[in-house]
Amino acid sequence: MLYEEFVGCRSEGVGNLVEKGAVRKFAEAIGDPSPLYTDERAARESRHGGLIAPPTFPRTFDYGAVPGLELPPAGLIHGSHRIDYERPLFVGEGVLCRVELEKSYDKEGRRGLLGFLLFERTGETLSGERIFTTKDTVVVTEAVRKVIEG
Amino acid sequence: MNGSANGRPSWSVGDDLEETVLPPVTRLGLIKYAGASGDYNPIHTIDAAAEEAGLPGVIAHGMLTMATMGLVLSPYLAHGYVKGFESRFSGMVFVGDELRVGGRVAGLEEREEGQLYTFEVYARKGEETVASGAVDFLLYGD
């Protein structure tokens, strides 16, 4: 299995800020016109009481890196993504982010031996309260495996 | 779907969400998403890098396609929020592709905060499904 020795290892926490301008640019880039991301007044008058971030915005955060784990710069395939929230993510708040290699396994596919890497990323308040958890599957093709294994 | 005067939606299991046809994917759109997301993998923006990876041209970021699937719930964000969102990436999206996004109500659960609806969602071009998944939307109680 690929990177077996790193399974269960995680990055040190990295502090991130949900910046108003970054949220506006992100909402524009995904074509989401919701005023809840950009219009302070509409957001304040809504149930949220303030501006929120789009559901996939946590992808933009810096999660740090699992010490020693170096992924190849090209050729990885993003298989799936899941995010679960405990509550909405608010503009202006600080988030402590971490990434962990949760699992690694191999599977024989039609196009050869595929490697699957499961990464878990978390975002917490600065006092340690969980805001969101994401799970990503990254697929490593046989050609890329050869690069990794040299 | 039925809605109340303040725009709070109300769905029934089995209801379809209206399908939306998105503007064709453009290179500038991919460059904007690269900048906004910080994902500068050049297979999304530079032809030579895409060709080197064996692709006929630059492909859209999977996370961008996922975000566009989420647009189906965007009109209701004043009344709730996306509590869970999952996407499997099953096809490639190229510059010029015109995606359609939509979904249907697959489940409803009563929660302390309100109603938790589950939607099955998709992004398609022609007959091909390029991404599919689920959105859990928490609609706050009145």
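How many residue pairs are in polar contact between chain B and chain A? I looked that up to open this notebook page.

**Ground rules.** I am working with a predicted model, where local features need pLDDT of at least 70, side-chain atom pairs count only at pLDDT 80 or more, and totals for chains, interfaces and linings use all residues. Residues are numbered from 1 along each chain as its sequence is written, chains are lettered from A and ligands numbered from 1 in the order in which they are written, and side-chain values use heavy atoms, with hydrogens and water left out.

**Polar contacts.** I found 10 residue pairs in polar contact between chain B and chain A, both residues at pLDDT 80 or more. Such a contact is a pair of N or O atoms within 3.5 Å; within protein, one must be able to donate a hydrogen and the other to accept it, and residues adjacent in sequence count only if both atoms are side-chain atoms.

**Salt bridges.** I get three between chain B and chain A, taking a side-chain nitrogen of Lys or Arg within 4 Å of a carboxyl oxygen of Asp or Glu. One I noted joins B:Glu86 to A:Arg82, with the closest N and O atoms 3.7 Å apart.

**Extent.** I see 27 residues of chain B and 29 residues of chain A in the contact (heavy atoms within 4.5 Å). The buried area is about 2,500 Å², and carbon and sulfur atoms give 59% of it; this is the accessible area (1.4 Å probe) that two parts lose on being put together, summed over both.
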